[in-house]
Amino acid sequence: MADRALRGMQIGAKSMESEDGVVFADRFTVRYMCPNGHEFGVPLSTEATPPATWECRCGAQAELIGDPVEDEEAKPAKPVRTHWDMLRERRSLEELDVVLQEQLTLLREGRLRPEGHYRKG
């Protein structure tokens with residue numbers, strides 16, 4: 001029965017999706033040159049900022065030819081949220097101090113398990 005359901009289809013050979021109604025992003029080509037003299041272009045979206053270097057087919061780092069396009073309305077970079085920052089969003093310093101004291105007590109009593117299960121139940 002399974003072979004009847006797949007009759008006439010080559011699995012993986014053709015996509016069932018069509019490109020009708022798909023609008024592709026506007027693109028531009030950025031030129032790079034590597035130290036070995038290879039010059040090549042990389043198509044990028046008009047919304048993308050081209051990187052200063054790109055790996056050439058020979059493995060060398062190719063440099064951007066010309067000035068990179070700077071986006072004047074670039075958003076300021078968000079500061080990186082650390083584990084401590086996310087923890088402080090959920091708990092106050094007083095709560096953290098209570099948890100620390102509980103864990104230190106368990107550690108001193110030898111009740112912490114090495115596999116990570118901290119509380120005996």
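The paragraphs below take up these topics in turn.

This is a predicted model, in which local features need pLDDT of at least 70 and side-chain atom pairs count only at pLDDT 80 or more, whereas totals for chains, interfaces and linings use all residues. Residues are numbered from 1 along each chain as its sequence is written, and side-chain values use heavy atoms, without hydrogens or water.

Rings of Phe, Tyr and Trp (its six-membered ring) are taken to pair if their centres lie within 6.5 Å; planes under 30 degrees apart count as stacked, over 60 as edge-to-face and the rest as tilted. By this rule there are two aromatic pairs. Tyr-32 and Phe-40 are stacked, because their ring centres are 5.9 Å apart and their planes stand at 20°. Tyr-32 also pairs with Trp-54, and this pair is tilted, with 6.0 Å between the centres and 35° between the planes.

Trp-54, at 31%, is partly exposed.

A nonpolar core is a set of buried Ala, Val, Leu, Ile, Met, Phe, Trp, Tyr and Cys residues joined through side-chain atoms within 4.5 Å. The largest such core has ten residues, among them Tyr-32, Phe-40 and Cys-56. Two or more of its residues come from each of E1, strand E2 (39-45) and strand E4 (61-64), and E2 gives the most, with three. Leaving aside residues up to four places away in sequence, Phe-40 touches Val-30, Arg-31, Tyr-32, Trp-54, Glu-55, Cys-56 and Ala-62, where contact means heavy atoms within 4.5 Å.

The structure holds zero disulfides, a disulfide being a pair of cysteine sulfur atoms within 2.5 Å. For Cys-56, the nearest cysteine sulfur is that of Cys-58, 3.7 Å away. Cys-56 is buried at 4% relative accessibility, while Cys-58 is partly exposed, with a relative accessible area of 37%.

Methods. Buried means under 20% relative accessible area, exposed over 50%, partly exposed in between (1.4 Å probe, protein chains only). Helices (H or I, at least four residues) and strands (E, at least two) are DSSP runs, numbered from the N terminus.
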